[in-house]
Amino acid sequence: ENTESRSSRGALIVLEGLDRCGKTTQSGRLYKYLEEQGHSVESWRFPDRNTGVGQMISSYLANKSQLDDHAIHLLFSANRWEKRSLMEEKLKSGTTLIVDRYSYSGVAFSSAKGLDIGWCTAPEIGLLAPDLVVYLDISHEKAAERGGYGDERYEQLEFQKKVAGSYLALRDSSWKVIDATLSIEDIEKKLREVVLDCMMTCHKGKPLSQ
Ligand code: T5A
Ligand code: NA
């Protein structure tokens, strides 16, 4: 029984990028594809606006409340912590999770405000480590042209430029970078390739880590 659960765990797949890079579009398509292929899969996103903490975040993003930069950073992190045990349960029971934003968003957006990177990273320690991070790469100028930014707090050209710089500093060789200016179908195809590859590695028994 042990061996079975070990060899059939799901993969933790994270999509990252600037606002409007296409994460929601691609998560939806990937979810549909994997489900049709018969995989056990769920589509998640952070912030998860459905929890109590998530509602505070949502109100802050909509400029309906003000919070100190450190306080909102910790709320974003708490929002991931409140989902951690469910996340572990799902992965161990064999469900693959496609997650739209995770810890890297937390660090990239807060450090773009000038907060210390070490301070930003500390509350993320102990959360589950992604098996795959896919960065949908687009310039802040091109992203801004898409459907226009709404009223949310971070949807501003100058700020997104800083966020792009933070992501660049965080990126490592394990990230898969996909050109987010390609057609939706081309991105989808590339995404499937890296995801199926990652799922295979997890099936073969790659341990879940923190
Ligand atoms: N945040 C988040 C933090 O500060 N700390 C944290 O810890 C976390 C988790 C909310 C904000 O919170 C910040 C980051 C964010 O600023 P959110 O609710 O996920 O995060 O909001 P966004 O990520 O900004 O969501 P968006 O909907 O703006 O962007 P998506 O999901 O990346 O893009 P998507 O798929 O909705 O597409 C945007 C538009 O582009 C078109 C789509 O049709 C749509 O109109 N599009 C394309 N057009 C041309 N070519 C393509 N390939 C296209 N793909 C999509
Ligand atoms: Na989104």
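**Helix packing and ligand shell**

Modeller: The crossing of H6 and H9 is right-handed. The model is a predicted one.

Biologist: Which residues make the contact of H6 and H9?

Modeller: H6 contributes Tyr-104, Val-107, Ala-108, Phe-109 and Ser-111. By class, the contact of H6 with H9 comprises seven nonpolar, two polar and no charged residues. On the side of H9, the residues are Val-163, Ser-166, Tyr-167 and Leu-170.

Biologist: At what angle do H6 and H9 pack?

Modeller: H9 covers residues 157–170, and its axis lies 8 Å from that of H6. The angle is about 130°. An angle of that value makes H6 oblique to H9.

Biologist: What is the angle between H3 and H4?

Modeller: H3 spans residues 52–61 and H4 spans residues 69–81. Their axes are 9 Å apart, and the packing angle is about 140°. That angle makes H3 oblique to H4.

Biologist: Which hand does the crossing of H3 and H4 have, left or right?

Modeller: From H3, the residues in contact are Val-53, Gly-54, Met-56, Ile-57 and Tyr-60, and they meet Ile-72, Leu-75, Phe-76, Ala-78 and Asn-79 of H4. Eight residues of this contact are nonpolar, two are polar and none is charged. The crossing in which H3 passes H4 is left-handed.

Biologist: How are H4 and H6 oriented to each other, parallel or antiparallel?

Modeller: Their axes come within 10 Å and cross at roughly 175°. Angles over 145 degrees count as roughly antiparallel. H4 and H6 are therefore roughly antiparallel.

Biologist: How many charged residues are in the contact of H4 with H6?

Modeller: H4 supplies Asp-69, His-73, Phe-76, Ser-77 and Arg-80, and H6 supplies Ser-103, Gly-106 and Ser-110. By class, one residue of this contact is nonpolar and five are polar. The number of charged residues is two.

Biologist: Which helices each supply at least two residues of the shell around ligand 1?

Modeller: The shell holds 24 residues, and the closest are Asp-19, Gly-22, Thr-24, Gly-106 and Phe-109. Of these, Gly-106 also takes part in the contact of H4 with H6, and Phe-109 in the contact of H6 with H9. The helices asked for are H2 (23–36), H6 (103–111) and H10 (184–203).

Biologist: How many residues of the shell around ligand 1 are charged?

Modeller: The shell divides by class into nine nonpolar and eight polar residues, together with a charged group. That charged group numbers seven.

Biologist: Where is the residue other than glycine with a positive phi?

Modeller: The residue is Arg-20, with phi near 80°. Arg-20 lies in the loop between strand E1 (12–16) and H2.

Biologist: How far apart are the end C-alpha atoms of residues 15–190?

Modeller: An unreviewed UniProt entry annotates residues 15–190 as "domain: Thymidylate kinase-like". In the model, this span is 49% helix and 12% strand. Its end C-alpha atoms lie apart by 13 Å.

Key: Residues numbered from 1 in each chain as written. Chains lettered and ligands numbered in written order. Predicted model: local features only at pLDDT ≥ 70, side-chain atom pairs only at ≥ 80, totals over all residues. Near = placed C-beta within 6 Å. Helix = DSSP H or I, 4+ residues; strand = E, 2+ residues; numbered from the N terminus. Nonpolar A, V, L, I, M, F, W, Y, C, P; charged D, E, K, R; others polar. UniProt positions renumbered as here; feature names shortened; annotations may be inferred. Axes fitted to C-alpha atoms, helices over the stretch in contact; angles between N-to-C directions. Parallel < 35°, antiparallel > 145°, perpendicular 65-115°, else oblique. Left-handed = near helix turned anticlockwise from the far one by under 90°. Contact = placed C-beta atoms within 7 Å.
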